[in-house]
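Biologist: I would like to learn how to read a model of a complex. Could you take me through one?

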Amino acid sequence: MKKSLSFFMMLVLVIGMLAACGPQREAQPENTDKDNGTGENQAEEPKPEKLVVWEDTDKGVALKPAIESFEKEYGIKVEFKELGMADKIRDQLRLDGPAGNAPDVVTLPHDQIGQVVTEGLLQEIKVDDSVLDTFTESSISAQMYDGKLYGLPKATETPVFIYNKALMEKAPETMDELYTQAKELTTGGQYGFLALFDNFYFAHGPIAGMGGYVFNEKDGALDREDVGLNNEGAVEGAEFIQKWYSEGLFPKGIIGESGGAAMDGLFNEGKAASVMNGPWALQGMKDAGIDVGVSVMPKLSNGEPVKTFMGVKGWNVTAFTKNPYWATKLVEHITNEENAKIRFETTQEIPPVKSLIEDPVIADNEAAKAVAEQSQYAVPMPNIPEMAEVWGPMASALQTIATGKAEPKAALDDAVKTIKTNIETNHPAK
Amino acid sequence: MDTKKMTSNHGRNAALLSILPGFGQFYNKQFVKGAIFLILTVSFFAAFYDTLNWGFWGLFTLGEIPVLDHSIFLLIDGIIALIVTALGLIIYAFNIYDAYNNGKKRDLGLELNSVREQYHNLLDNGFPYLMISPGFFLLVFVVIFPILFVVLLAFTNYDLYHSPPAKLVDWVGIQNFIDIFKLDLWRKTFFGVMGWTIVWTFVATTLQVALGIFLAILVNQKDLKGKAIVRTIFILPWAVPSFISILIFSGMFNETFGVVNKTILDAIGIGAVPWMTEENWTRLALIFIQSWLGFPFIFAMTTGVLQSIPDELYEAATVDGASILQKFTKITLPLVLFATAPIIITQYTFNFNNFNVIFLFNGGGPAIPGQNAGGSDILISWIYKLTMTSAQYGKAAAVTMILSLIVITVALWQFRRTKSFQEEDLM
């Protein structure tokens with residue numbers, strides 16, 4: 001009896017405590033008026049003492065001069081911190097944002113924009129058309145989500161054709177040409193051309209070049225209902241991919257998770273005459289003592305260029321800043337032609353600034369020129385969150401295609417079905 | 001109880017009075033102790049009022065205004081409030097218990113402890129508690145706190161589209177569990193992954209344990225020369241960090257360039273085996289690798305146990321005319337298993353959640369069409385993929401709960417059946 005009594009008393013205490021609580025918050029702060037856009041209250045927005053920027057690791061050298069000139073011009077102090085762009089900045093922003101330590105400006109890869117905007121970490125920016133015009137169109141579209149602009153592009157990268165000058169005199173013009181060359185060069189542990197076509201990031205090039213697409217564009221936004229990865233063009237692209245594997249031009253050992261390391265190894269040992277890879281691989285190749293040549297991807301048999309995926313790193317204004325107007329000004333400043341040029345010179349990142357692409361600094365640099373040229377044909381990776389559902393099923397499909405376990409058409413149909421189911425399960429319609 | 005004989009009801013009165021902490025002690029005329037309880041109570045509420053108020057409100061509502069309220073932070077505040085409440089209740093229960101006990105003493109006509117005696121009592125009896133309390137508090141926040149977080153998360157709809165600060169997270173009851181068993185894609189994946197997880201756990205662990213014990217007994221033979229060297233070599237796989245071994249194995253099993261296909265299998269005339277692209281071959285390779293990684297530990301342990309088995313047992317057996325096999329099954333094996341059973345069980349639970357080898361060898365691959373997870377994905381690596389690629393935090397937490405439930409049940413059941421937990425000693 002004692003026990004039940006004391007238990008009852010405890011219950012009373014707990015209930016009493018629960019009843020005491022409730023939303024007794026102090027007068028709720030005015031609901032954030034920053035959602036209303038920055039356009040109207042620019043004039044009123046006072047100059048802040050300082051702005052905080054999060055830059056990618058080891059890229060601060062490119063930011064410093066831009067910050068100095070900004071400080072001189074506007075008298076606003078700018079501080080920056082280096083953080084890994086791939087996921088550190090996003091993860092840190094999730095924690096620091098709501099806690100009140102958020103930076104004003106961050107740099108993010110554009111394919112995270114959809115996700116991050118959905119979570120409410122970024123805000124829309126308003127920029128004059130004259131500013132937008134200085135960037136390539138595709139790089140600006142990469143910074144758009146749901147018809148709104150969320151940042152300005154800082155640099156682009158896309159896979160290009162990289163060849164070993166000792167084994168291949170010059171880059172072929174067309175894929176057919178490359179195919180015949182590869183047939184001759186591929187003997188006894190030597191390979192003519194290698195690419196990670198079981199990875200959708202690289203496979204997108206031929207698939208899109210033949211007419212496939214991930215999501216179709218509708219009214220300035222990507223339409224998640226319209227997946228074009230099993231249409232006629234996509235199947236042709238997959239057949240093209242399968243040919244390389246089934247004829248033994250690509251070894252089975254470059255399929256799967258560790259395929260990239262295997263391919264790099266072959267190229268760096270001089271066993272592969274050419275590869276499709278991103279500019280980030282160049283340094284390792286040069287270090288391995290290979291005399292590399294870089295060019296755009298050879299044209300496909302239908303005369304279309306290989307439409308590689310493009311990644312755009314951008315500068316974005318966070319949802320937590322109290323100074324959206326000045327943060328936007330800062331973004332405009334660090335992406336302008338002068339600072340973009342400094343960036344290229346210090347970090348070799350290629351800014352999608354139109355005037356700069358013709359500038360001798362880039363035009364005379366073989367690798368940069370190839371990347372810039374390939375970028376014109378490239379398609380920005382879709383930045384809507386639904387894209388997360390595409391990678392896995394497409395990797396499965398491409399792997400079964402590469403190993404010859406499935407016919408391209410059947411594998412792609414299956415993948416698209418999975419993608420659509422996954423989108424329905426994981427991404428409820430808005 | 002012999003309450004009937006008692007004339008007074010001090011025990012009950014004191015317990016009832018101490019519903020207001022301290023008053024039961026006052027009733028027992030233990031004023032200092034009563035005052036301490038009273039002050040403790042008052043300061044508890046003074047110090048934690050905000051924490052509790054805000055925490056419980058957050059725990060129940062998970063926030064009301066998007067952007068301003070951050071549901072996940074509120075959930076965390078709520079858990080802290082829960083823990084603080086639990087600690088408060090423990091002190092409160094002790095207060096009632098103490099008042100009742102002392103009242104009882106008075107009923108029985110015993111003398112109560114004086115303040116000095118109470119102080120000494122506290123020091124003597126309380127010392128062990130004092131010593132374990134820092135570790136205990138650390139454990140509460142490092143272990144209990146995350147467990148509560150996952151458990152609560154499993155009942156929310158936390159995913160990309162319900163992510164703070166833009167949106168609020170809501171309680172959805174057992175919807176996540178219903179979805180896992182009801183939606184086609186989820187169900188198919190869950191049972192596929194579950195099936196392989198169980199096969200993996202049993203086959204890989206049993207193999208590594210059997211191999212370890214077998215080799216230990218072999219090396220422990222009396223007339224074996226160079227035991228030290230053999231032992232050292234067998235323990236070497238353990239000395240290399242496992243992730244390095246796994247990565248090297250991953251290269252060795254490469255279908256075109258790996259040494260397994262290219263040299264070993266080629267030499268005995270077997271064609272290339274699709275280790276990385278055919279799910280059953282990947283699974284086989286994984287079981288081999290885990291045996292390699294896991295046996296040295298069992299080997300070392302068994303060697304230790306074998307050396308502690310007295311020779312007299314074997315001599316007596318020989319005198320009684322036992323065969324070698326009988327000696328093994330009646331003496332060696334029972335003694336080894338008796339001593340190592342708890343650790344062998346932990347090997348099973350360890351492999352059930354062995355993320356490293358699965359993830360590093362083939363990333364859970366190869367891919368299987370029409371399924372959410374790869375062919376060699378076990379539950380834990382699938383959960384990782386759910387969180388990292390699909391941002392399905394709620395669902396991932398639900399799967400985690402199912403997984404923990406399985407591990408806990410199996411572990412408890414096995415531990416209870418193990419002899420070493422039932423009897424004090426065998427020999």
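Modeller: In chain A, 16 residues of domain 1 are in contact with 18 residues of domain 2. Keep in mind that this is a predicted model.

Biologist: Which elements give two or more residues to the side of domain 1 of chain A that touches domain 2 of chain A?

Modeller: They are α4 and α16 (366-377) of chain A. The largest share comes from α16(A), with seven residues. By class, this side of domain 1 of chain A has six nonpolar, five polar and five charged residues.

Biologist: Let us turn to strands. Which strand is joined to β6(A), and how do the two run?

Modeller: Strand β12 (residues 309-317) of chain A is joined to β6(A) by six bridges, and the two run antiparallel. For one pair, look at Pro153(A): its bridge partner in β12(A) is Gly314(A).

Biologist: How many residues of strand β6 (residues 151-157) of chain A are buried?

Modeller: Seven of its seven residues are buried, and the strand is mostly covered.

Biologist: Now a backbone angle. What is the phi of Asp146(A)?

Modeller: Phi of Asp146(A) is near 60°, a positive value in a residue other than glycine. Asp146(A) sits in the loop between β4 (144-145) and β5 (148-149) of chain A.

Biologist: Why does Asp146(A) count as partly exposed?

Modeller: Count the neighbours. Asp146(A) has 16 other C-beta atoms within 10 Å, so it is partly exposed. A buried residue needs 20 or more, and an exposed one has 12 or fewer.

Biologist: What about Lys29(B): is it buried or exposed?

Modeller: Lys29(B) is exposed, because it has 11 other C-beta atoms within 10 Å. Its phi is positive too, about 65°, although Lys29(B) is not a glycine. Find Lys29(B) in the loop between α2 (23-27) and α3 (31-61) of chain B.

Biologist: Is Tyr158(B) buried or exposed?

Modeller: Tyr158(B) counts as buried, because it has 29 C-beta neighbours inside 10 Å. This residue lies in the loop between α5 and α6 of chain B. Leaving out residues up to four places away in sequence, Tyr158(B) touches Leu153(B), Val169(B), Tyr393(B) and Gly394(B). Now compare sequence and space. Tyr158(B) and Leu168(B) are 10 residues apart along the chain, and their C-alpha atoms are separated by 8.5 Å.

Biologist: Which residues does a cis peptide bond join in chain B?

Modeller: The bond joins Pro164(B) and Pro165(B), and omega is about 5°. Pro165(B) is in the loop between α5 (115-153) and α6 (175-182) of chain B.

Biologist: Which domains does chain B have?

Modeller: The assignment gives domain 1 (3-162) and domain 2 (178-422). Their C-alpha centres lie 44 Å apart in chain B. Nine residues of domain 1 of chain B are in contact with eight residues of domain 2 of chain B. The nine on the domain 1 side divide into six nonpolar, two polar and one charged.

Biologist: What does UniProt list as "transmembrane region" in chain B?

Modeller: The unreviewed entry lists several stretches, including residues 31-52 and 284-306 of chain B. Check them against the model. Residues 31-52 of chain B are 100% helix, with end C-alpha atoms 29 Å apart. Residues 284-306 of chain B are also 100% helix, and there the end C-alpha atoms are 31 Å apart.

Biologist: How many residues of chain A are in contact with chain B?

Modeller: 42 residues of chain A are in contact with 44 residues of chain B. On the chain A side, α1(A) gives the most, with seven residues. That side divides into 16 nonpolar, 21 polar and five charged residues.

Biologist: Where in chain B is confidence lowest, and where is it highest?

Modeller: Helix α17 (residues 419-422) of chain B is lowest, at a mean of 60, and helix α11 (residues 279-308) of chain B is highest, at 92. Where pLDDT is low, the predicted coordinates should not be read in detail. Chain B has a mean pLDDT of 86, and 96% of its residues reach 70 or more. For the complex, the predictor gives an ipTM of 0.70 and a pTM of 0.76.

Methods
Residues are numbered from 1 along each chain as its sequence is written. Chains are lettered from A and ligands numbered from 1 in the order in which they are written. This is a predicted model: local features need pLDDT of at least 70, side-chain atom pairs count only at pLDDT 80 or more; totals for chains, interfaces and linings use all residues. Two residues are in contact if their C-beta atoms, placed from the backbone, lie within 7 Å. Helices (H or I, at least four residues) and strands (E, at least two) are DSSP runs, numbered from the N terminus. Ala, Val, Leu, Ile, Met, Phe, Trp, Tyr, Cys and Pro count as nonpolar, Asp, Glu, Lys and Arg as charged, and the others, Gly among them, as polar. Domain bounds come from an automatic or database domain assignment. UniProt positions are given in the numbering used here, feature names are shortened, and annotations may be inferred rather than shown by experiment. pLDDT is the predictor's confidence in each residue, from 0 to 100. Two strands pair if DSSP finds at least two bridges between them.
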